[in-house]
Amino acid sequence: MRIIGVTIVFLVVAISANANERIYKKLNKLYLSNPTLCLEKSKKYMDKKPSEGASYFFASSIYFDKVDQSHTLRGKYLQLRRAINYARKFDKIGTIELKEKVLWTDKLEEIQDKTTRLITALDKNHQEDLSQELIANIRKIESLEELKATPIIQEVEITSTPTITASKPEFVKLENQFYGMPTGMEIVASANPENERKMLDRINKERVSKGLPPLTWNEDLAKASRYHAYDLGTQAYFDHKSCDRINDELVEVGATFDRIRKFYTATHVNSENIAAGHESVDMTYIQWYNSKSHHQNLFNPDSRYVGIGICYIPNSPYGYYWVMSTAE
């Protein structure tokens, strides 16, 4: 009887796990194709299966995406507050396996970064009541332990200190760091050329399965990608724009496509993906695949050429940096 009991429990667990996987796959597909419907389905699952984590993750992700779509600070605040509230729920009930699947740690870093930026903007516009509420909400996400040790308000109290300004520097390389815009002649060594090509194979396999043309490797685009990956790590920032860190302040020195075109001018440049934190091809691919804008770049039907770059910068914020540049 005990053996039968164990078998029954196993079957129940297996069935439950399969059901949860089906919910995740269904919501993930909707998130990439129809976010509005995905949000509706997520809320229905919350009512029917309140202990299943995927619905809270996708609801949080959709509201997080809506922050950038809002045109007012109050609108951004409302969308981000909703995203944080669902993130708090997912953080509590999401399984370890699901958190690994959706790269939850990376997602939390994105939420923390966007919250910090919005708090700064709210304070500058004398909407401290809204910024204080965001601070209170994000502190309740248990996995963000660093926020409990270092209150986020300390990072954004800037009203009493003037902003440091600096002029855009001319191109130069000092102490293994690039400053200014590149010339297009820079050669940055790849941290793992084999993984760059494996990433291309992974992307092309999925593109072909979707009826899209495979991407063709272009070494000039790869040089552009490696340059930016190296710059992200050595200058300690994470952005598509090119920046320099001067007196511990970031200074924008150039736009994304202007930088890429320093290396590649054969056809029209149309996208760039960036990622950080993993040497693994699979983990980085999942990061891009599960991000709506990055997913669109991976499977843009107009893209024909690609270059991928990986750099490893010891003692940098994320260690490994990936960049993918595409052109038509």
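Student: Is alanine 236 buried, partly exposed or exposed, and what is its relative accessibility?

Tutor: The model is predicted, and the values that follow should be read with that in mind. Alanine 236 has a relative accessibility of 28%, so it counts as partly exposed, given that buried means under 20% and exposed over 50%. This residue sits in the loop between α11 and β4, the strand covering 242–246. Most residues other than glycine have a negative phi.

A positive phi is also found at asparagine 315, with a value of about 65°, and this residue is likewise not a glycine. Asparagine 315 belongs to the loop that lies between β7 (305–312) and β8 (320–327). Its relative accessibility is 84%, and it therefore counts as exposed.

Helix α11 also takes part in side-chain contacts. Arginine 226 lies in this helix, which spans residues 219–235, while glutamate 196 lies in helix α10, residues 193–209. The two side chains form a salt bridge with an N to O distance of 2.8 Å. Because the partners belong to these two helices, the pair ties together parts that are 30 residues apart in sequence. Both glutamate 196 and arginine 226 are buried; for arginine 226 the relative accessibility is 9%.

Arginine 226 has a further partner in glutamate 219, again through a salt bridge at 2.8 Å, N to O. Glutamate 219, at 35% relative accessibility, counts as partly exposed. Through shared partners, the salt bridges join Glu196, Glu219 and Arg226 into one network.

Another salt bridge links lysine 210 to glutamate 206, with 3.6 Å between the closest N and O atoms. Lysine 210 counts as partly exposed at 38% relative accessibility, and glutamate 206 counts as partly exposed at 23%. The structure holds 11 salt bridges, among them the contacts described here.

At its start, a side-chain oxygen of serine 280 comes to within 3.2 Å of the backbone nitrogen of aspartate 282. The helix covers residues 281–289, and its buried residues are Val281, Thr284, Tyr285, Gln287, Trp288 and Tyr289.

Definitions and conventions: Residues are numbered from 1 along each chain as its sequence is written. This is a predicted model: local features need pLDDT of at least 70, side-chain atom pairs count only at pLDDT 80 or more; totals for chains, interfaces and linings use all residues. Side-chain values use heavy atoms; hydrogens and water are left out. Buried means under 20% relative accessible area, exposed over 50%, partly exposed in between (1.4 Å probe, protein chains only). Helices (H or I, at least four residues) and strands (E, at least two) are DSSP runs, numbered from the N terminus. A polar contact is a pair of N or O atoms within 3.5 Å; within protein, one must be able to donate a hydrogen and the other to accept it, and residues adjacent in sequence count only if both atoms are side-chain atoms. A salt bridge is a side-chain nitrogen of Lys or Arg within 4 Å of a carboxyl oxygen of Asp or Glu.
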